[in-house]
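Please keep the sequence and the structure in view while reading.

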Amino acid sequence: MTRNGMEISTVIGILALQGAFAEHQAALERLPFRIKLEVILVKTPEDLQRCDALIIPGGESTTIALLARLSGVLDPLKEFVKTKPVWGTCAGAILLSQAVENAKKGGQELLGAMSITIARNGWGSQVESFEAALEVEGLQNPDVPFTGIFIRAPVVLKLTPSPGDPPINVIAKLSPNLLPPSLASTDHSDEPKIFVALRQGLHFLTTFHPELTDDNRFHEYFVRECVFPLEKRPAA
């Protein structure tokens, strides 16, 4: 990016209060973009001020929100999401949403950056984790399925854009026939739409954990499509 007439690196922050932030850092640092990326861990408002974009990792959404409040980062985050690209994975996806169901007693602080309603621990207590092969258009090598790792994953319940909101683009859906038997529905009258990756304007969410694989394509997608201006996309 250019600031004050000088070419400098693009700074992508990873909220590092709790959760799988180190894995996101490693994935970003493996990307082969020619434009320099600087990856920093964000723990303070001063760290956040340095960032051009942010990743909110998986973890425990209530804990992340509480630690963000205690560290003085929560209110700056609410301002940051108004103008900067943000990607939330799993717990981060919950924090990006406008409304949440199954919140812990006392409620859940949210950033409200994406026009969706999401259910915390949406798959219930029957299973804590599963993997599914996702076919995702827009990724590099789209004919190669991406392994989605779902760990007590949230479930997108409703898309709720208001007039004037950016459109919501479905990046990936989970086919019902890929669900573990304990989660599969016996009602085949209407195939459910299980959205697991969504983009709205500058913002992006995945209900699974791309950072827990060795496949960097979702990180490449976020940088290419959300972080870099469309007219200045670098070659990878």
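In this report a residue is buried when its relative accessible area is under 20%, exposed when that area is over 50%, and partly exposed in between, as computed with a 1.4 Å probe on protein chains only. Both Phe150 and Phe208 are buried by this rule, and Phe146 is buried as well.

The model is a predicted one, in which local features need pLDDT of at least 70, side-chain atom pairs count only at pLDDT 80 or more, and totals for chains, interfaces and linings use all residues. Residues are numbered from 1 along each chain as its sequence is written, and side-chain values use heavy atoms, with hydrogens and water left out.

**Overall architecture**

The protein chain has six helices and 14 strands. These elements are DSSP runs numbered from the N terminus, where helices are H or I runs of at least four residues and strands are E runs of at least two. Of the 236 residues in the chain, 49% count as buried. A contact means heavy atoms within 4.5 Å. Among the contacts with a separation of 6 or more, 72% are between residues 24 or more positions apart.

**Aromatic pairs**

Rings of Phe, Tyr and Trp (its six-membered ring) form a pair if their centres lie within 6.5 Å; planes under 30 degrees apart count as stacked, over 60 as edge-to-face and the rest as tilted. The structure contains ten such pairs. In the pair of Phe146 and Phe208, the planes stand at 50 degrees and the ring centres are 6.2 Å apart, so the pair is tilted. Phe146 belongs to strand β10 (residues 146-151) and Phe208 to the loop between β14 (203-206) and α6 (217-227), so this pair ties together parts that are 62 residues apart in sequence. Phe208 also forms a tilted pair with Phe150, at 5.4 Å centre to centre and 50 degrees between the planes. Because Phe150 lies in strand β10 and Phe208 in the loop between β14 and α6, the pair ties together parts that are 58 residues apart in sequence. One aromatic cluster is formed by Trp87, Phe130, Phe146, Phe150, Phe204, Phe208, Phe218, Tyr221 and Phe222.

**Nonpolar cores**

A nonpolar core is a set of buried Ala, Val, Leu, Ile, Met, Phe, Trp, Tyr and Cys residues joined through side-chain atoms within 4.5 Å. Which residues touch the most other members of the largest core? Within its 35 residues, they are Phe150, Leu174, Phe204 and Phe218. Several elements each supply at least two residues of this core, including β3 (10-15), β4 (37-42), β12 (168-174) and α6. The largest share, six residues, comes from α6. Another core, of 34 residues, lies apart from it and includes Leu54, Ile64, Leu96 and Val156. Not counting residues up to four places away in sequence, Phe218 touches Trp87, Val136, Leu139, Phe146, Ala197, Phe204, Thr206, Phe208 and Pro210.

**Annotated positions**

An unreviewed UniProt entry lists Cys90, His209 and Glu211 for "active site". These positions are spread over 122 residues of sequence, yet they cluster in space, with a largest C-alpha distance of 10.8 Å. UniProt positions are given in the numbering used here, feature names are shortened, and annotations may be inferred rather than shown by experiment.

Cys90 lies in the loop between β6 (86-89) and α5 (91-96). His209 is placed in the loop between β14 and α6. Leaving aside neighbours within four places in sequence, Cys90 is in contact with residues including Gly58, Arg152, Phe208 and His209. Ser97, in strand β7 (residues 97-101), is in contact with residues including Leu110, Gly112 and Met114, its neighbours within four places in sequence being left aside.

| Residue | Relative accessible area |
|---|---|
| Cys90 | 5%, buried |
| His209 | 6%, buried |
| Ser97 | 0%, buried |
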